[in-house]
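Please read these notes with the sequence and the model open side by side.

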Amino acid sequence: MRVTFATEPASPDRPNEDFIAATPDAVVLLDGAGTPAGSESGCSHGVAWYARTLGSTLIASLTQSAGTLTEILAEGIKTTTSLHDFTCDVNHPGSPSATVVMLRRTGEVLDFLVLADSVLVLDVIGTEDPMVITDDREGQIGKRYRTAMDALDSGALDHTAALRAYVEAMRAHRNRDGGFWIASSNPLAAEQALTGTLPTDQIRAAALLSDGASRLVDRFHLATWRQALDVLAQDGPAALIRRVRDAEHSDPSGKRWPRGKSLDDATAAYIRIT
Ligand SMILES: [Zn+2]
C-alpha cells in the first residue's frame, strides 16, 4: 500500500486530539473525544494522551499480531486502561475516549474496523459511488440534545456552556446498549465496531477521515465522497484539510452549518491499494 496523510489541530495553541499512524501494511486513525473546558473527566492525562497512547499501541500490535482487528482493539483498550487505572478514575463517565479506524493488508485481503464516527471510504473498482463505513449512532442520539447548542453563535460564551451540557448529556449513553460505542476503558466496545474483509484486487484506494475532515462532505455538503477521493488522489490529504478550513472560516459563527466546534482537529489519510 502507498500511504499519505495529514493532520492539523483546530488551533496551534491546543494539542491535536486526533492521532494517525501507518506502516506499509496498516493504518490507524483515532479521534479523541473531547472533555470540554470546565468538564470533569477523572483523568489527569487528557484526551490527546489517550488517543496517542491507544493509537501507538494499536499500530504496534498491527505489526506484531495476526489476531483479528476486534481482538487487537480490545487488547489495546485494556493495555491503555492499565497505564492509568492506578492514578485515574477510569470508570468516570467522562473518562477520555476515541473513535478508531483500522485498516490492514495481509497478502491478498484487506481487513477494516470502524468504531464510532470517524469515516472509512473505500474506492471499489467498477463502482461510481464509494463504499462509506461509519457508525453514526452517536450522531443519532445527539440530535436529541443539539438544539440549544446549534441555535447559538459558535463564538459566543454560552455556546461553550451549551457544548459542555451537550457532551455531559451524551455521557449517559456512552458504551451502553441502546447508546453509542467508543474506545475508552471498556474493551467490550471493540465488539461493537463495524468490521469487514475484502479482496485487495477489488479496492483501488481507501481514505480514513476524522469527522473534522469528513465534515466537508457529511456536514458542509461541499463535495461528494467521490470528489473527496479525487482531491485526495490528485492534491493529497493536506489539500482536503485546506478545503475544510476554508469552509469553516467562511462560516465562523456556525450560522450556515451549525456545529459543536467551529474548527475541529482534522485528519485525512489516503491509501493507494492497487
Ligand atoms: Zn489518566
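1. The model is predicted: local features need pLDDT of at least 70, side-chain atom pairs count only at pLDDT 80 or more, and totals for chains, interfaces and linings use all residues. Residues are numbered from 1 along each chain as its sequence is written, and side-chain values use heavy atoms, with hydrogens and water left out.

2. Helices (H or I, at least four residues) and strands (E, at least two) are DSSP runs, numbered from the N terminus; two strands pair if DSSP finds at least two bridges between them.

3. Strand β3 (residues 26–33) and strand β4 (residues 97–106) run antiparallel and are joined by eight bridges. D31 has T99 in β4 as its bridge partner.

4. Axes are lines fitted to C-alpha atoms, for helices over the stretch in contact (heavy atoms within 4.5 Å), and angles run from 0 to 180 degrees between N-to-C directions.

5. Is S262 buried or exposed? S262 counts as buried because its relative accessibility is 19%, the cut-offs being under 20% relative accessible area for buried, over 50% for exposed and partly exposed in between (1.4 Å probe, protein chains only).

6. Not counting residues up to four places away in sequence, S262 touches S154, R215, E248 and P252. A polar atom of the S262 side chain lies 3.0 Å from the backbone oxygen of P252.

Definitions and conventions: Polar contact = N/O pair within 3.5 Å; in protein donor to acceptor, adjacent residues only side chain to side chain.
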